[in-house]
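Thank you all for coming. Please have the sequence and the model open as I go.

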Amino acid sequence: MITISFEVFSGGITVPLAQLETSSTPAPQPAPPPVAQAPLPPPSLPAIFVFGDGALDVGNNDNLPEGQEMGDAPRANHPFYGIDAPNSEPTGRFSNGYNIADFIGPPAYGSLPKPSPTTMQGFTGVNYASANAGLRESTNAQMTISLADQVKNFAATRSQLKDVLGSRKPLNNFLSKSLFLIGVGTMDLLPCCNFYLSFPFKDNKTEVQRLIELYEHTLTTLHSMGARKFGVINIGLLGRLPSVQMSRYNGDPSIDRRAAEFNAELRLLLSNLTTTLHRFRYSLADFYGFSNATFANPSGSDPCSLDSYMYPCDNRMEYWFWDNWYTTEKASKLAAAAFYNGKAFTTPVSIKRLIAMKG
């Protein structure tokens, strides 16, 4: 058994966690711990629209068709996903319970009635995120909902909102005050997830430069549709992912170097957009820095569940990774709190401060 202690920082306050214990021996089934309640958007915030990958997906992949040419989409619709959710039932989240989006955002796109919304009563936004999605449409091609397709889904929602609100002016006012939460890019930088990158490109751009151009196009497109407040989560420590540590890329320093390069370019992009796009405001959440501050040593990368079908560890509240890709509910809650309220891992303002700004 390996014991690790670590701590995270939120708003300048050190928050100690219990010691982290890992064991390869399956534990007997414990009573499910209390599930944290996902909050509703603050009263001053009309809605939250969420885009990204499995760290934010709250069930969209469960609704994708099976039998695609490139393979089936990853789904979290079986035990032991959701073991700490109400009734211990899988909810489509790649977690033992809630994920980051739940502590900040709304229900899944696929879970809403069609067409939706038909009324503004109770409408808090839409989550379009899809596990394994990337900036590139070729990333995990045909097995997920790419970021470009997620934006198309938002465009459909926007049209429905316009019908409900009656005209463009109230729609633009509504969207300008809403939060657009985005977390994507991890899958684009992992060699295992890009089947169409074996041929050379005919330009002198780096891989990161191409991805940042796609990110810029996405943000500009959303801005043109009325978005003004962007909460952007950068890429974490890719080399710490259990899936990477169990692959031939374990110990390859280029993996985290690409992540750091991507994050630096993303930060520059967001800063530049404040001068080129009207009333563009943002909060950049530093998941890379948050993850780096969390791990005391490499053993912190052990997942609670080595196989999603096998019974997971019994001390789930003390683990960072739930499976080979995604974090536990506890880790997601800590990250969401740091990004929402804290100052240490957000720039230039926290998400809470961003929400408080005028639309």
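Let me begin with a definition: the expected span of a helix is 1.5 Å times one less than its number of residues. Please also keep in mind throughout that this is a predicted model.

With that in hand, consider helix H8, residues 329-341, which has 13 residues and reaches 18 Å from its first C-alpha to its last, close to the 18 Å expected. The buried residues of H8 are Glu329, Ala331, Ser332, Leu334, Ala335, Ala336, Ala338, Phe339 and Tyr340.

Which residues of H6 are buried? They are Ser254, Ile255, Arg258, Ala259, Phe262, Asn263, Leu266, Leu269, Leu270 and Leu273, and these buried residues pack against H4, strand S8 at 229-233, strand S9 at 281-285 and helix H7 at 287-294.

The axes of H4, residues 207-224, and H6, residues 253-276, come within 10 Å and cross at roughly 35°, and the crossing is right-handed.

Staying in helix H4, we come to His223, which counts as buried because its relative accessibility is 9%. Leaving aside residues up to four places away in sequence, His223 touches Arg228, Phe230, Leu277, His278 and Phe280.

In helix H2, residues 147-165, we find Ala148, which counts as partly exposed at 29% relative accessibility. Ala148 and Glu137 are 11 residues apart in sequence, and their C-alpha atoms are 7.1 Å apart in space.

Now to the cysteines. How many disulfides does a search of the whole structure find? The search finds one, formed by Cys304 and Cys313, with their sulfur atoms 2.0 Å apart. The torsion about the S-S bond of Cys304 and Cys313 is about -110°, so the disulfide is left-handed. Cys304 is buried, with a relative accessible area of 8%, and Cys313 is buried too, with a value of 9%.

Finally, some points about the backbone. The peptide bond from Pro79 to Phe80 is cis, with omega near 10°, and Phe80 sits in the loop between strand S5, at 48-52, and helix H1, at 100-104. Another cis peptide bond runs from Thr347 to Pro348, with omega near -10°, and Pro348 belongs to the loop between strand S10, at 346-347, and helix H9, at 351-356.

The loop between S5 and H1 also holds Asn87, which has a positive phi of about 65° although it is not a glycine. Asn132, in the loop between strand S6, at 125-127, and H2, likewise has a positive phi, near 75°. Are these asparagines buried or exposed? Asn87 is exposed, with a relative accessible area of 68%, whereas Asn132 counts as buried at 15% relative accessibility.

Key
Residues are numbered from 1 along each chain as its sequence is written. This is a predicted model: local features need pLDDT of at least 70, side-chain atom pairs count only at pLDDT 80 or more; totals for chains, interfaces and linings use all residues. Side-chain values use heavy atoms; hydrogens and water are left out. Axes are lines fitted to C-alpha atoms, for helices over the stretch in contact, and angles run from 0 to 180 degrees between N-to-C directions. Helices (H or I, at least four residues) and strands (E, at least two) are DSSP runs, numbered from the N terminus. A crossing is left-handed if the near helix is turned anticlockwise from the far one by less than a right angle, and right-handed if clockwise. A disulfide is a pair of cysteine sulfur atoms within 2.5 Å. Buried means under 20% relative accessible area, exposed over 50%, partly exposed in between (1.4 Å probe, protein chains only). Contact means heavy atoms within 4.5 Å.
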